[in-house]
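Me: I would like a close look at one part of this model, the charged side-chain pairs. Please keep to what can be computed from the atoms.

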Amino acid sequence: MDLRTLCVIIACIYGTISAPCTDKLVFDSGTTPKPGVTVTASSEYGTSDTNHIYGPSRAFLNAKKDRDASGHVLIGAWSAGTLDTKQYVQVEFPSPKDISAISTQGRNGCCKQWVTKYKVQYSDDCQTWQTLPQEMTGNVDENSVVTQTLPAPITAKCVRINPTVWNHHISMRMELIGCDVTPTTTLPPTTTTQPTTVAVTTQPTTVPVTTQPTTVPVTTQPTTVPVTTQPTTVPVTTQPTTTVKPVVTTTISNQVTTTKAQITTAAQSATSAAIAPHKASGESLIKSSKTFTGNTDEDTVVTNNLTAPVTAKCIRVNPATWHHHIAMRMDLIGCDSTQTTAASATTTLGAVTSSQQSSQTTMVTALTTMLPAKSNTSCGDSLLTSPYGASFTMTSSSEKEELDPSQVYSPDRGVLNKQELFDMNGNLLMGAWSPDTNNVNQYLQVNFTSPVIIRDVTTQGRNGCCQDWVTQYKLQYSTDCVTWLPVGTGAGTTFTGNTDQDTQVKNSLGCVITAKCMRLIPLVWNNNIAVRMDFTGCKIRQSPAGGATTTSPVPATQSVPQPAVTAQG
């Protein structure tokens with residue numbers, strides 16, 4: 001008997017031999033579901049963004065980022081609107097199918113997003129669900145297809161792929177592999193049942209328990225705490241105090257090379273008799289005072305930032321070493337202490353009372369040798385966007401999709417009012433800066449060509465897409481772009497950010513600062529870190545001859561001599 005005859009006999013006895021169960025069950029021609037098949041999802045990213053399509057219609061295998069005829073950006077995967085283990089993409093068939101394997105991919109064209117592990121749920125009626133006990137391994141990059149064979153084929157009308165672990169964001173493309181359900185005939189088995197007798201003997205088990213009292217000796221002796229009831233007197237002065245930040249020194253023909261700062265606070269002495277040396281943050285009183293670096297010539301201005309702002313009624317600058325003879329000129333930079341409260345969101349500078357105007361005038365007078373402004377008192381230019389603004393560059397801790405030129409999230413996209421748009425090469429310029437990773441170690445940095453005076457900060461979220469914005473952040477500043485100090489007291493002020501994509505939120509810094517570099521550090525965000533920003537203030541200028549400063553406005557495009565970071569002639 002030849003093999004062909006044997007196969008025919010087997011087919012007659014057992015029925016037709018079935019073909020391999022390896023059909024693609026969900027998508028037809030790779031782009032649309034087969035007739036009668038529906039694909040849905042638990043959530044969809046950017047549902048309010050009509051310019052980008054992230055829905056389950058983009059979940060087909062090998063979907064690529066594209067644009068349709070109407071200009072909508074078709075994302076290269078389904079992306080969930082919420083990041084938790086309750087998300088899923090669901091396939092419903094018109095009739096039950098046999099499922100033997102699942103193929104998956106990550107998100108094409110952007111963002112290094114993929115699902116690394118997932119579970120499989122299935123149902124006969126799309127109401128009651130069962131979950132396979134095994135967790136399936138997904139992807140390790142954006143475009144490789146990973147096919148996992150199920151431990152045993154399942155028959156189901158509905159199937160859910162439930163991501164449990166992902167890279168950056170839940171985004172995936174998928175396909176179900178299997179075939180139509182093949183009817184089978186099952187012969188009832190022939191069984192012989194014989195009674196089985198199991199003899200069980202039950203005997204009581206006695207567990208002896210011995211209980212003995214346990215005595216814990218307790219000694220109670222009275223404890224006496226001496227209390228001193230003598231009154232403590234704290235002299236308080238009612239004169240206004242001033243928060244002091246940098247110390248500025250210059251000399252005549254002799255130079256003070258190092259100085260020590262001594263501060264009297266209102267709570268220490270009303271007569272200014274008790275002087276405490278300024279110390280670095282966290283130093284104890286028994287350590288020596290901080291020594292600041294002074295001058296190396298006669299006329300260069302050297303600015304030193306205190307390690308943390310101090311509030312004081314009296315300040316002493318105590319020369320420690322000098323050149324030839326102790327001789328110096330100096331000024332203190334700071335603001336009235338009533339302005340040092342925690343910054344809160346505002347949209348206007350507001351009016352000032354006569355007493356506030358007096359203290360503010362004193363502050364501005366102290367800064368007139370350094371501080372020009374568009375008017376004599378405002379110093380209210382938008383430093384990143386105004387024609388009176390400063391020259392600058394932008395850097396950041398990281399950049400999303402840095403290696404993909406078609407998706408531009410670079411730091412320069414973090415300037416206030418930047419819009420999402422396509423450039424002439426078809427690259428998508430995002431409406432904000434976004435980092436590669438969402439954590440509190442990220443920052444957006446502005447590097448000014450020359451030092452500037454900064455009063456306020458303004459922020460926005462991401463334009464055009466995705467409901468991304470920063471809700472809380474801190475600021476740091478630096479005079480050399482190497483050593484950084486927090487804006488505000490202690491660990492720094494936590495500023496209130498945005499609640500939507502495009503509304504501008506302005507915060508006062510509380511006390512003006514002088515800086516060459518500024519950093520914005522996101523602390524809390526909505527969905528993903530994305531921010532645009534600007535600073536309000538003015539450039540530091542002097543006349544070319546080194547004389548008195550000019551206060552007339554000069555556009556940023558005009559060439560103006562600028563002083564060094566810590567120097568002024």
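Is lysine 97 buried or exposed? Please take its salt bridge from there, and then the others that can be described.

Reply: Lysine 97 is buried, at 14% relative accessibility; buried means under 20% relative accessible area, exposed over 50%, and partly exposed in between, with a 1.4 Å probe and protein chains only. The model is predicted, so local features need pLDDT of at least 70 and side-chain atom pairs count only at pLDDT 80 or more, while totals for chains, interfaces and linings use all residues. Residues are numbered from 1 along each chain as its sequence is written, and side-chain values use heavy atoms, with hydrogens and water left out.

The partner of lysine 97 is aspartate 180, and the closest N and O atoms of this salt bridge are 2.4 Å apart. A salt bridge here is a side-chain nitrogen of Lys or Arg within 4 Å of a carboxyl oxygen of Asp or Glu, and the count comes to five. The pair with lysine 97 links distant parts of the chain, from strand S9 (residues 89-105) to aspartate 180 in strand S14 (residues 171-180), 83 residues apart. Strands are DSSP runs (E, at least two residues), numbered from the N terminus. Aspartate 180 is partly exposed, at 47% relative accessible area.

Another of the salt bridges joins aspartate 502 and arginine 532, with 2.7 Å between the closest N and O atoms. Aspartate 502 lies in the loop between strand S31 (495-496) and strand S32 (505-526), and arginine 532 in strand S33 (residues 532-539), 30 residues apart. Arginine 532 is buried at 0% relative accessibility, whereas aspartate 502 is partly exposed at 38%.

Aspartate 468 and arginine 462 also meet in a salt bridge, at 3.4 Å from N to O. Both of these residues are buried.

Notes. Helix = DSSP H or I, 4+ residues; strand = E, 2+ residues; numbered from the N terminus.
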